[in-house]
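Please keep the sequence and the model in view while reading.

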2 protein chains.
Amino acid sequence: MKLATLNDGTRDGQLAVVARDLKTVHIADGIAPTLQAALDDWTFIAPQLDALSRELNAGRARRPFDFDPARCMAPLPRAFQWADGSAYVNHVELVRRARGAEMPASFREEPLMYQGGSDDFLGPCDDIVLAHEDWGIDFEAEVAVIADDVAMGASPDDALRAVRLLVLANDVSLRNLIPAELAKGFGFLQSKPATAFSPVAVTPDELGEAWRDGKVHLPLRSTWNGRLVGRPDAGTDMVFNFAQLIAHLCTTRNVRAGSIVGSGTVSNKDASKGYSCIAEQRCLETIETGEAVTAYMRFGDTIRIEMLDGAGKSVFGAIEQVVKRLER
Amino acid sequence: MKLATLNDGTRDGQLAVVARDLKTVHIADGIAPTLQAALDDWTFIAPQLDALSRELNAGRARRPFDFDPARCMAPLPRAFQWADGSAYVNHVELVRRARGAEMPASFREEPLMYQGGSDDFLGPCDDIVLAHEDWGIDFEAEVAVIADDVAMGASPDDALRAVRLLVLANDVSLRNLIPAELAKGFGFLQSKPATAFSPVAVTPDELGEAWRDGKVHLPLRSTWNGRLVGRPDAGTDMVFNFAQLIAHLCTTRNVRAGSIVGSGTVSNKDASKGYSCIAEQRCLETIETGEAVTAYMRFGDTIRIEMLDGAGKSVFGAIEQVVKRLER
């Protein structure tokens, strides 16, 4: 099934079930008011949502209405955890190579992962509002999973069974703030502002054969200012799958329902697939010519992130954002 | 007023108002079911909680019962944000000096801050359950604030006005995992397991004159295995106050209601005040004799963290935890 959170003026929004073709939607409030409430009691709530989903897809639901992604908040407008891995090691390797640094071999054995802010997520069509262009505004197209409870020390197999939903994410990054933040060793903090998510979260079964080995085997399309700049396959070159990412996160802690775990920027070794963040393109330019020529995003720039299935249909709906200057 | 969250088997617990003397408690469920619900609508809810608090303190509340910290969850059993500063720069300086490293001057100009897991907090009397003693289990006694909404780019003055509640925290740390985590540059992740909080969260006015300049001017007492090992004053040597810490956090993002911002390990330059984490004692030993002799915590160890007011009364109740081995 496909789920969305409609903006009703509350902090957590209104849970709704979306038709597979993303054309219609149906409020789920007789079942659960919010997505977090559904995740808190998934085994009880999910079958009820699924029944509504089947009715909606069959054209038999009682009060469907047109689905408008612009009315969506993030599926979880705020979450209790947002941990983002760097599973596409090619991306990490490129960044390092561009600055003449070797990548430690350990980066292929253990995932890199950071903990980000989860109190203020952006909806799929919300503006990216920031104070300064010269912070080096970049998009990062990612896939992420929303997990159920996972106990401390769980195996990757246990973790895989706890994957409840998948989403797309735009892990907006402020490239020019990253070096100083990472130099402190305490993580990205100011260099990772609010993250945006796709209009729709889907259960793994919605992906059919494209969900296997804990990976999503479909291309992730990034369109920057109307130009398709990336379509790497999310199932290719993913060195750590979602099972491994979740298991890594719960090595020393329990992971609780509603935790969102990201893949990191999707990146293929095959450079003809383009890029899912500008930084990567700049790294390629630096490696090839000694100089990065592609500039970061400007106020007014647009970014669209979407994933199409084998039949060319949008799975999650599109993240479609405009970068805007903070008005004080 | 003083607020607590009682363990009723739900994920977010039951909000309750606690008497100033911590002897009695009263369920707040006619007002708000959970502390997060109260924080989501503070201007409407807080006066109602305050009225109940006044009745309880006057002995006129209808259904008070004995307050038992062991029945408490963390005031926010899970939160949408947990960002922990390092405001007591003395602590950072000692850690660096012990390993022969200079502290960058910038550490006195801009706070260090990390983003930690907030999906699974420990109650004040919950065991610290971990798989391995040799991870280097340490306590960290801290003060933290719970904020209301703060807009991106807010000034420290704006941020100060958004402080709704104060709590104590035990920011449990796994010292032997920290070097490898920090070397990756992505933050503490596995080296900061679940954090514990005091039984009670208090509004700033409960501290009277002890809350001024965005700091809590009272000693924080840490008692390890029954021995008082630290009583540094939380208002002394705090280089960044809570206003500055919150403003730092919201430089590139909005901070939303219920975000918890920590002070970092409370530490005074006056070493006779003892320590709020074992690592600091080990640093002092290393600086003095070249060798750290105090071992980290063992399974079975206890830690008590508490703050007394000028009259010797406990302000927040005590964090009292036992370290236990994870049973698989």
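Is B:A257 buried or exposed? With a relative accessible area of 1%, B:A257 is buried; buried means under 20% relative accessible area, exposed over 50%, and partly exposed in between (1.4 Å probe, protein chains only). The model is a predicted one, in which local features need pLDDT of at least 70 and side-chain atom pairs count only at pLDDT 80 or more, while totals for chains, interfaces and linings use all residues. Residues are numbered from 1 along each chain as its sequence is written, chains are lettered from A and ligands numbered from 1 in the order in which they are written, and side-chain values use heavy atoms, with hydrogens and water left out.

**The surroundings of B:A257**

B:A257 is placed in the loop between α6 (242-249) and β19 (259-262) of chain B; helices (H or I, at least four residues) and strands (E, at least two) are DSSP runs, numbered from the N terminus. Leaving aside neighbours within four places in sequence, the residues in contact with B:A257 include A:R11 and A:R78 of chain A, and B:Q36 and B:D40 of chain B. Contact here means heavy atoms within 4.5 Å. B:Q36 is 221 residues from B:A257 in sequence, yet 8.0 Å from it in space, C-alpha to C-alpha.

Two of these contact residues, A:R78 and B:D40, are joined by a salt bridge between their side chains (2.7 Å, N to O). A salt bridge is a side-chain nitrogen of Lys or Arg within 4 Å of a carboxyl oxygen of Asp or Glu.

**The interface of chain A and chain B**

Across this interface the rule finds 10 salt bridges. There are also 31 residue pairs in polar contact, both at pLDDT 80 or more. A polar contact is a pair of N or O atoms within 3.5 Å; within protein, one must be able to donate a hydrogen and the other to accept it, and residues adjacent in sequence count only if both atoms are side-chain atoms.

Chain A gives 53 residues to the contact and chain B gives 52 residues. Between them the chains bury about 4,800 Å², 50% of it on carbon and sulfur atoms; buried area is the accessible area (1.4 Å probe) that two parts lose on being put together, summed over both. A:F80, A:F186 and A:L189 supply 18% of the area that chain A buries against chain B, more than any other three residues.

**How the copies are related**

Chain A is superposed on chain B by a rotation of 180° with 0.0 Å of shift along its axis (RMSD 0.0 Å), by least squares on the C-alpha atoms of residues with pLDDT of at least 70 in both. The two copies are thus related as by a two-fold rotation axis. The same surface serves both copies, for 98% of the contact residues of chain A recur in chain B. Of the residues of chain A, A:G187 comes closest to the rotation axis, at 2.0 Å (C-alpha).

Most residues other than glycine have a negative phi.
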